[in-house]
Amino acid sequence: IPRSAIVFEDSEDTAVDADDDVLRKYRCIAYKLWRKYVAIGAVYEINLAHRHKSVFNLYMHDQEMWIDGNFSFFDEKKLFAMFDDCIRICFSFCAHSFQRFKHKNEFYKVAAILHGRKQ
(Lines give C-alpha, C1' and ligand atoms only; values in the text may rest on other atoms or scores of the structure.)
Protein backbone atom coordinates (compact mmCIF):
# COMPACT_ATOMS: atom_id res chain seq x y z
CA ILE A 1 0.00 0.00 0.00
CA PRO A 2 1.45 3.38 -0.94
CA ARG A 3 2.41 5.65 1.94
CA SER A 4 1.99 9.41 1.90
CA ALA A 5 5.26 11.29 1.53
CA ILE A 6 3.67 14.18 3.42
CA VAL A 7 2.77 12.00 6.40
CA PHE A 8 5.67 9.53 6.55
CA GLU A 9 8.73 11.43 5.32
CA ASP A 10 10.50 13.97 7.49
CA SER A 11 11.35 17.25 5.82
CA GLU A 12 13.06 20.30 7.23
CA ASP A 13 9.82 21.83 8.46
CA THR A 14 8.47 18.61 10.01
CA ALA A 15 11.68 17.22 11.53
CA VAL A 16 11.42 17.10 15.32
CA ASP A 17 14.33 17.62 17.68
CA ALA A 18 14.15 16.50 21.27
CA ASP A 19 13.23 20.03 22.35
CA ASP A 20 10.63 20.63 19.65
CA ASP A 21 6.89 20.25 20.04
CA VAL A 22 5.56 17.08 18.41
CA LEU A 23 2.20 18.80 17.91
CA ARG A 24 3.99 21.37 15.72
CA LYS A 25 5.13 18.51 13.46
CA TYR A 26 1.57 17.20 13.24
CA ARG A 27 0.27 20.68 12.45
CA CYS A 28 2.82 21.00 9.63
CA ILE A 29 1.66 17.68 8.19
CA ALA A 30 -2.01 18.68 8.52
CA TYR A 31 -1.30 21.99 6.81
CA LYS A 32 0.44 20.29 3.89
CA LEU A 33 -2.46 17.84 3.49
CA TRP A 34 -4.96 20.71 3.61
CA ARG A 35 -3.00 22.74 1.06
CA LYS A 36 -2.68 19.80 -1.35
CA TYR A 37 -6.18 18.26 -1.08
CA VAL A 38 -8.71 20.47 0.70
CA ALA A 39 -7.91 24.14 0.10
CA ILE A 40 -9.88 25.88 -2.63
CA GLY A 41 -7.76 25.62 -5.78
CA ALA A 42 -5.57 22.85 -4.31
CA VAL A 43 -3.51 20.81 -6.76
CA TYR A 44 -5.56 17.69 -6.03
CA GLU A 45 -8.66 19.36 -4.63
CA ILE A 46 -11.21 16.85 -3.42
CA ASN A 47 -14.92 17.45 -3.75
CA LEU A 48 -16.03 18.50 -0.26
CA ALA A 49 -19.04 20.45 0.88
CA HIS A 50 -18.45 24.14 1.42
CA ARG A 51 -19.04 23.79 5.16
CA HIS A 52 -16.17 21.27 5.45
CA LYS A 53 -13.82 23.51 3.51
CA SER A 54 -14.87 26.53 5.57
CA VAL A 55 -13.95 24.84 8.85
CA PHE A 56 -10.50 23.91 7.53
CA ASN A 57 -10.00 27.37 6.08
CA LEU A 58 -10.97 29.00 9.38
CA TYR A 59 -7.99 27.41 11.10
CA MET A 60 -5.46 26.94 8.30
CA HIS A 61 -5.74 30.02 6.08
CA ASP A 62 -2.76 31.53 7.92
CA GLN A 63 0.04 28.96 7.82
CA GLU A 64 2.17 30.57 10.50
CA MET A 65 -0.74 31.03 12.89
CA TRP A 66 -1.91 27.43 12.35
CA ILE A 67 1.52 25.88 12.91
CA ASP A 68 2.81 28.11 15.69
CA GLY A 69 -0.44 29.44 17.14
CA ASN A 70 -2.06 28.40 20.38
CA PHE A 71 -4.72 25.94 19.27
CA SER A 72 -4.74 23.95 22.49
CA PHE A 73 -8.02 22.23 21.59
CA PHE A 74 -6.24 20.48 18.68
CA ASP A 75 -4.53 17.75 20.66
CA GLU A 76 -2.91 14.71 19.04
CA LYS A 77 -6.20 12.80 18.80
CA LYS A 78 -8.04 15.66 17.10
CA LEU A 79 -5.18 16.23 14.66
CA PHE A 80 -5.12 12.51 13.92
CA ALA A 81 -8.83 12.45 13.10
CA MET A 82 -9.27 15.84 11.44
CA PHE A 83 -9.26 14.42 7.90
CA ASP A 84 -11.59 11.48 8.67
CA ASP A 85 -14.58 13.13 6.96
CA CYS A 86 -12.45 13.82 3.88
CA ILE A 87 -11.37 10.19 3.73
CA ARG A 88 -14.93 8.94 4.22
CA ILE A 89 -16.22 11.17 1.42
CA CYS A 90 -13.47 10.06 -0.98
CA PHE A 91 -14.18 6.40 -0.21
CA SER A 92 -17.87 6.94 -0.87
CA PHE A 93 -17.06 8.36 -4.31
CA CYS A 94 -14.87 5.32 -5.03
CA ALA A 95 -17.56 2.95 -3.80
CA HIS A 96 -20.17 4.46 -6.12
CA SER A 97 -17.81 4.19 -9.08
CA PHE A 98 -16.89 0.62 -8.18
CA GLN A 99 -20.55 -0.41 -7.97
CA ARG A 100 -21.06 0.86 -11.52
CA PHE A 101 -17.85 -0.84 -12.69
CA LYS A 102 -18.93 -4.22 -11.25
CA HIS A 103 -21.70 -4.38 -13.85
CA LYS A 104 -19.39 -3.94 -16.84
CA ASN A 105 -17.66 -6.61 -18.91
CA GLU A 106 -14.30 -5.08 -18.07
CA PHE A 107 -14.83 -5.99 -14.42
CA TYR A 108 -15.19 -9.67 -15.27
CA LYS A 109 -12.05 -9.54 -17.41
CA VAL A 110 -10.04 -8.00 -14.57
CA ALA A 111 -11.49 -10.48 -12.07
CA ALA A 112 -10.51 -13.37 -14.31
CA ILE A 113 -6.95 -12.09 -14.62
CA LEU A 114 -6.65 -11.59 -10.87
CA HIS A 115 -7.95 -15.08 -10.18
CA GLY A 116 -5.62 -16.64 -12.76
CA ARG A 117 -8.35 -17.77 -15.10
CA LYS A 118 -8.31 -17.49 -18.88
CA GLN A 119 -10.84 -15.19 -20.41
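A surface patch here is a group of residues with over 30% relative accessible area and no salt bridge, in which like charges are joined within 9 Å and nonpolar side chains (Val, Leu, Ile, Met, Phe, Trp, Tyr) within 5 Å. A salt bridge means a side-chain nitrogen of Lys or Arg within 4 Å of a carboxyl oxygen of Asp or Glu. Accessible areas come from the Shrake-Rupley method with a 1.4 Å probe, and for residues only the protein chains shown count as cover.

This is a predicted model, where local features need pLDDT of at least 70, side-chain atom pairs count only at pLDDT 80 or more, and totals for chains, interfaces and linings use all residues. Residues are numbered from 1 along each chain as its sequence is written, and side-chain values use heavy atoms, leaving out hydrogens and water.

**The overall picture**
- The protein chain has 7 helices and 0 strands; helices (H or I, at least four residues) and strands (E, at least two) are DSSP runs, numbered from the N terminus.
- Of its 119 residues, 26% count as buried, where buried means under 20% relative accessible area, exposed over 50%, and partly exposed in between (1.4 Å probe, protein chains only).

**The patch on the surface**
- F98, F101, V110 and L114 make a nonpolar surface patch of about 370 Å².
- Two or more residues of this patch come from each of α6 (84–101) and α7 (105–114).
- F98, found in helix α6, is partly exposed, with a relative accessible area of 39%.

**The nonpolar core**
- A nonpolar core is a set of buried Ala, Val, Leu, Ile, Met, Phe, Trp, Tyr and Cys residues joined through side-chain atoms within 4.5 Å.
- The largest one has 23 residues, and those touching the most other members are W34, V38, F56, M60, W66, M82 and F83.
- Two or more core residues come from each of α2 (22–38), α3 (50–60), α4 (63–68) and α6, with α2 giving the most, 7 residues.
- Leaving aside residues up to four places away in sequence, W66 touches R27, A30, Y31, Y59, M60, F71, F74, L79 and M82; contact means heavy atoms within 4.5 Å.

**A closer look at α3**
- H52, K53, F56 and M60 are the buried residues of α3.
- Seen down the helix axis, these buried residues fall within an arc of 95°, so they line one face of α3; the arc is that of the directions from the axis to the C-beta atoms.
- They pack against α2, α4 and α6, while H50, R51 and L58 are exposed on the other side of α3.
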